[in-house]
Amino acid sequence: MPEQQKTIEIEVLRYNPETDQVPYAQVFAVPFTDDMSVLQGVQYIKDYLDGSLSFRWSCRMAICGSCGMMINGEPSLSCQTFLRDYYPERVRVEALAHFPIERDLVINMEGFIEKLESIQPYIIPKEARTLAQGEYLQTPAQLNAYEQFSSCINCLLCYAACPQFGLNKDFVGPAALTLLHRYNMDSRDGGQAERMQLVNAEEGVFNCTAVGYCSEVCPKHVDPANAVNLNKTNSAMDYFLRFLAPKGGTK
Amino acid sequence: MKRPLKRSNAPIFWALFGAGGMLSALLGPMLVFITGIAVPLGLLLPADTMSYPKMLAFAQNLIGKGFIFAIIALFLWHAAHRIFHSLHDIGIHAGRGARLLCYGLAMLGTVLAAYALLATGF
């Protein structure tokens with residue numbers, strides 16, 4: 001069906017560390033069709049209007065977690081946010097909030113990677129196991145205990161949504177704490193005591209004030225707010241019961 | 001995150017906050033109804049439900065004392081924690097001063113409630 005060509009204004013936050021003191025907004029007029037995502041909009045800008053525009057993207061189907069941006073102030077995956085939903089208004093695209101900008105829409109995620117490492121995001125076996133002992137067996141209930149929390153794609157939308165991370169960059173934050181919970185809940189894992197030190201620490205769960213916006217913006221329905229708040233209970237138990245525990249709990 | 005981790009003391013305040021929240025959710029509306037609506041308007045309850053002698057007897061009973069103390073102290077700790085963190089959320093960079101003010105008022109209220117309840121006698 002023939003359709004009249006529509007054009008939408010996309011306002012992009014630009015920043016080039018070599019020439020700019022501060023980020024600034026630049027507006028582009030982008031012709032679009034109803035099936036075009038915001039990501040395709042910025043790709044159009046890069047291909048046809050300004051080749052210097054920088055942004056991260058990969059899969060275009062909400063599974064790689066690369067294309068997170070603030071779209072009209074909301075942390076969103078730009079590949080699953082559509083231009084038609086903003087037309088005829090202008091749509092504003094900025095780098096994810098609460099992170100240092102490397103260039104244009106590209107953020108520096110080094111701090112997050114450090115946090116990811118710190119939670120030991122891998123199974124720490126309870127005891128050494130030989131090949132002859134065969135595979136680990138898990139019941140559906142044991143799988144259920146952690147499966148939801150294992151769907152994180154590290155898109156960082158929850159960090160951009162979290163006002164507490166915005167105020168305290170040391171906060172381990174929603175995604176990393178959720179992944180920590182995922183491994184603690186795994187019946188094959190024995191690393192809980194070590195990970196709890198991070199949960200209990202000043203950088204840990206008690207930075208959270210149960211705002212819940214992290215779970216709202218999560219594109220994979222991981223519900224990080226739930227994982228963090230479950231661990232407030234775990235941490236409080238650990239805090240008060242450590243005097244009764246034979247090993248004395250963590251420091 | 002390589003630096004040594006320091007255990008947070010937040011669980012103490014969080015537990016008081018949680019206990020106060022639970023108590024206010026369960027009993028708050030009922031207390032507002034009884035003390036603020038039912039008794040003043042003479043609805044459902046006898047007119048002298050909150051008369052001085054009855055309230056004094058309630059405050060002199062050990063269980064009554066415990067109830068009044070828990071309601072006042074835990075509600076205050078709940079409010080202090082909520083207000084302190086809300087300051088945070090609305091961008092007021094709550095530091096030591098705000099912390100002392102919020103939790104200090106809760107502490108003051110707790111001590112005053114304990115003193116008053118003990119002074120009321122048994």
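This report describes the chains, salt bridges, surface charge, cysteines and backbone features of a predicted model.

Because the model is predicted, local features need pLDDT of at least 70 and side-chain atom pairs count only at pLDDT 80 or more, while totals for chains, interfaces and linings use all residues. Residues are numbered from 1 along each chain as its sequence is written, chains are lettered from A and ligands numbered from 1 in the order in which they are written, and side-chain values use heavy atoms, with hydrogens and water left out.

## Chain A overall

Chain A has nine helices and seven strands, where helices (H or I, at least four residues) and strands (E, at least two) are DSSP runs numbered from the N terminus. Taken along the principal axes, the C-alpha atoms of chain A fill a box of roughly 70 × 40 × 30 Å. Of its 251 residues, 46% count as buried; here buried means under 20% relative accessible area, exposed means over 50%, and partly exposed lies in between, with a 1.4 Å probe and protein chains only.

## Salt bridges

Side chains of opposite charge can pair when their charged atoms come close.

| Residue | Partner | N to O distance |
|---|---|---|
| Asp34(A) | Lys6(A) | 3.0 Å |
| Arg92(A) | Glu94(A) | 2.9 Å |
| Lys6(B) | Glu202(A) | 3.4 Å |

In the pair of Asp34(A) and Lys6(A), Asp34(A) lies in the loop between strand S2 (24–32) and helix H1 (38–49) of chain A and Lys6(A) lies in strand S1 (residues 6–14), so the pair ties together parts that are 28 residues apart in sequence. Asp34(A) is itself partly exposed, at 32% relative accessibility.

Lys6(B) counts as exposed at 54% relative accessibility, whereas Glu202(A), at 43%, counts as partly exposed. Beyond these pairs, Glu9(A), Glu11(A) and Arg90(A) are linked in a network of salt bridges.

## Negative surface patch

Glu102(A), Glu110(A), Glu114(A) and Glu117(A) form a negative surface patch, a patch being made of residues with over 30% relative accessible area and no salt bridge, with like charges joined within 9 Å and nonpolar side chains (Val, Leu, Ile, Met, Phe, Trp, Tyr) within 5 Å. Helix H2 (residues 110–118) of chain A gives the most to this patch, with three residues. Glu102(A) is found in strand S6 (residues 101–103) of chain A and is partly exposed, at 38% relative accessibility.

## Cysteines

The structure holds zero disulfides over all chains, a disulfide being a pair of cysteine sulfur atoms within 2.5 Å. For Cys64(A), which is in no disulfide, the nearest cysteine sulfur is that of Cys59(A), 3.7 Å away; Cys64(A) is partly exposed, with a relative accessible area of 28%. The sulfur of Cys214(A) is 6.4 Å from the closest cysteine sulfur, in Cys158(A), and that is too far for a bond. Cys214(A) is buried, with a relative accessible area of 11%.

## Backbone features

Most residues other than glycine have a negative phi, and most peptide bonds are trans. The peptide bond from Tyr87(A) to Pro88(A) is cis, with omega near 5°, and Pro88(A) is found in the loop between strand S4 (74–77) and S5 of chain A.

Gln120(A) has a positive phi, near 50°; Gln120(A) sits in the loop between H2 and helix H3 (140–147) of chain A and is buried, with a relative accessible area of 17%. In chain B, Leu44(B) has a positive phi near 60° and is placed in the loop between H1 and helix H2 (52–60), where Leu44(B) counts as exposed at 78% relative accessibility.

Ala97(A) is found in the loop between strand S5 (91–94) and S6 of chain A and is partly exposed, with a relative accessible area of 22%. The C-alpha atoms of Ala97(A) and Pro75(A), which are 22 residues apart along the chain, are separated by 7.8 Å.

Technical notes. Areas by Shrake-Rupley, 256 points an atom, 1.4 Å probe, with all protein chains shown as cover. Salt bridge = Lys/Arg side-chain N within 4 Å of Asp/Glu carboxyl O. Lys, Arg positive; Asp, Glu negative; His and termini not counted. Charge placed at Lys NZ, Arg CZ, Asp CG, Glu CD.
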